[in-house]
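Hi everyone, and thanks for coming. Let's walk through one structure together, and please keep it open while I talk.

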Amino acid sequence: MSANELNLFDKHSILKVQPTTRPEKMDNYTKGESVTIFDPPSLHMEGAIEMKVTNASKIRNVMGYAMSTFGNSNVRHVIWNGSGNAISKTISCAEIMKRKIKGLHQITQVGFLRVEDFWEPTVEGLDRLKVNTNIPTISILLSKDPLDTSHPSYQAPGSTELVWPDQMKTKKDNSQRKMAAIRDLKNAASKPKRSRGNGKDSFKSKKKTDKLQSGTELKKSEATCNSME
């Protein structure tokens, strides 16, 4: 039978990730095998200790083991791996280690963990289904030895530059334009406005003044005529 493929793409940000949901039950189907594929493959280096961070991991515990192991002079590399809701915790662990151990080189790789779930039909006439779920992943390599400086995400020891400076610059420009638009709106709202009532009062006042002036001129004319007689 041909396999019908359903793609379930989770829209996640790197730092703020929503829970990933995979179907556990499906009418007229039973769940079969599951295959996991990293795209691209997570970072790997011979002799490196690999730290897998999960949503349930406690930073104090994983950092204690990582620091004691990485403190060995024979251990030159450590790789922090995390996915889904654990991405922010993975980044925190790597940053803590960089602050505690100076002179570390860094390479970061972001990708997806593709989970392929196969569902077998229990009713005749239905096709086998393959459901794909993409879970965001991050892999951070920290090394005491120099790394490939041509890698797009390479960070030298002590560097405070972001991994994706161009994207962050665009985001900053958009934020500045948004703030400028908000300031313009606030300035426009704070300017005093002339109400309709004030306009009517002003018109009436001007009309009354004109009437008084006309009456004064008329009296002056009458007085001039009387004096001539």
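**Strands first, then a helix**

Let's begin with two strands: S2 and S5 run antiparallel and are joined by 9 bridges. Two strands count as paired if DSSP finds at least two bridges between them. In this pair, Asp-39 stands opposite Phe-112 in S5.

A word on where this comes from. The model is predicted, so local features need pLDDT of at least 70 and side-chain atom pairs count only at pLDDT 80 or more, while totals for chains, interfaces and linings use all residues. Residues are numbered from 1 along each chain as its sequence is written, and side-chain values use heavy atoms, with hydrogens and water left out.

Now the overview. The protein chain has 4 helices and 6 strands; helices (H or I, at least four residues) and strands (E, at least two) are DSSP runs, numbered from the N terminus. Read from the N terminus on, the order of elements is β-β-β-α-β-α-β-β-α-α. Of the 229 residues in the protein chain, 28% are buried. Buried means under 20% relative accessible area, exposed means over 50%, and partly exposed is in between, using a 1.4 Å probe and protein chains only.

Back to the strands. S5 (105-121) is mostly covered, with 12 of its 17 residues buried. S5 also pairs with S6, in the antiparallel sense over 15 bridges, and there Gly-111 stands opposite Thr-137 in S6.

What does S6 (residues 129-143) pair with in the antiparallel sense over 7 bridges? The partner is S4. Within that pairing, Trp-80 has Ile-140 in S6 as its bridge partner.

S4 (residues 77-83) is mostly covered too: 6 of its 7 residues are buried. With S3 (residues 49-53), S4 pairs in the parallel sense over 5 bridges. To get from S3 to S4, the chain passes through helix H1 (residues 59-70), and this β-α-β crossover is right-handed. Right-handed means that, with the strands pointing away from the viewer, the path from the first strand over the helix to the second runs clockwise.

Is Ala-66 buried or exposed? Ala-66 counts as buried because its relative accessibility is 0%. Leaving out residues up to four places away in sequence, Ala-66 touches Ile-49, Met-51, Trp-80 and Met-97; contact means heavy atoms within 4.5 Å.

Next, helix H2. H2 has 14 residues and reaches 20 Å from its first C-alpha to its last, close to the 20 Å expected at 1.5 Å a residue. That expected span is 1.5 Å times one less than the number of residues. The buried residues of H2 are Ile-87, Lys-89, Thr-90, Cys-93, Ala-94, Met-97 and Lys-98. As you look at that list, remember that an α-helix has 3.6 residues a turn, so residues three or four places apart point the same way. Which elements do the buried residues of H2 pack against? They pack against S3, H1, S4, S5 and S6.

Thr-90 counts as buried because its relative accessibility is 0%. Not counting residues up to four places away in sequence, Thr-90 touches Val-53, Trp-80, Asn-81, Gly-82, Ile-138 and Ile-140. A polar atom of the Thr-90 side chain also lies 2.7 Å from the backbone oxygen of Ala-86.

Finally, two loop residues. Asp-145 is found in the loop between S6 and helix H3 (165-190), and it counts as partly exposed because its relative accessible area is 25%. Arg-76 is 69 residues from Asp-145 along the chain, yet their C-alpha atoms are separated by 6.8 Å. Their side chains are joined by a polar contact of 2.8 Å. A polar contact is a pair of N or O atoms within 3.5 Å; within protein, one must be able to donate a hydrogen and the other to accept it, and residues adjacent in sequence count only if both atoms are side-chain atoms.

The other is Asn-28, in the loop between S1 (4-9) and S2 (29-39). Most residues other than glycine have a negative phi. Asn-28 is not a glycine, but its phi is positive, at about 65°.
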